[in-house]
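Please look through the model below before reading my points.

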Amino acid sequence: VVEQSPLNTLDEELALADANIVSEARERVAEVEEKRRVEKEHLHFKLTSVEGEFDKAIRELGEEKAKAVAALTDEIKALKEKIEYDKGKSASDLIELEKKNKELMIKLEGKYEKRLASDTTRYMELKNKYD
């Protein structure tokens with residue numbers, strides 16, 4: 001049996017202590033790495049979730065804007081059609097008014113001529129009477 005010297009025993013104890021320190025350090029490193037991995041996964045999940053919500057919000061906003069633009073386009077189209085209709089109606093109303101005006105002028109001229117003839121006849125009657 002080999003007898004161990006106190007120096008050998010001390011070396012063995014130091015080697016064992018070093019091995020324990022290294023093992024403990026490796027365990028701590030593993031714990032820290034696991035914690036970082038979990039945090040990274042959590043952050044990735046949050047990022048993916050936020051990106052999804054952001055994309056959804058942009059999509060909804062785009063849909064709202066598209067609906068608003070479509071509604072305004074329809075309103076503009078309806079107003080243009082109304083303007084065109086009103087233009088046509090105004091033109092036909094103007095033609096109708098001109099036609100009525102012409103008819104009234106003809107009636108007025110007829111009445112004026114009748115009145116003139118009537119007044120001329122009375123004048124002639126009165127003139128003949130007083131002559």
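**Notes on the charged side chains**

1. Asp55 counts as partly exposed because its relative accessibility is 43%, where buried means under 20% relative accessible area, exposed means over 50%, and partly exposed covers what falls in between, with a 1.4 Å probe and protein chains only. Asp55 lies in helix H1, and the helices here (H or I, at least four residues), like strands (E, at least two), are DSSP runs numbered from the N terminus. Between Asp55 and Val38 there are 17 residues in sequence and 25 Å in space, taken from C-alpha to C-alpha.

2. Before going further, please keep in mind that this is a predicted model, in which local features need pLDDT of at least 70 and side-chain atom pairs count only at pLDDT 80 or more, while totals for chains, interfaces and linings use all residues. Residues are numbered from 1 along each chain as its sequence is written, and side-chain values use heavy atoms, with hydrogens and water left out.

3. How many salt bridges does a search of the whole structure find? The search finds 7, a salt bridge being a side-chain nitrogen of Lys or Arg within 4 Å of a carboxyl oxygen of Asp or Glu.

4. One of these pairs is Arg28 with Glu24, whose closest N and O atoms are 3.1 Å apart. Both residues belong to helix H1, which covers residues 6–130, and they sit 4 residues apart, about one turn of the helix. Arg28 counts as exposed because its relative accessibility is 52%, whereas Glu24, with a relative accessible area of 44%, is partly exposed.

5. A salt bridge also joins the side chains of Glu41 and Arg37, with 2.3 Å from N to O. These two residues are likewise in helix H1, 4 residues apart, about one turn of the helix. Glu41 is partly exposed at a relative accessible area of 46%, and Arg37 is partly exposed at 38%.

6. Asp86 and Lys82 form a further salt bridge through their side chains, at 3.0 Å from N to O. Why are Asp86 and Lys82 separated by about one helical turn? They are so separated because they are 4 residues apart in helix H1. Asp86 is partly exposed, with a relative accessible area of 30%, and Lys82 counts as partly exposed because its relative accessibility is 48%. Elsewhere, salt bridges that share partners join Glu34, Arg37 and Glu41 into one network.
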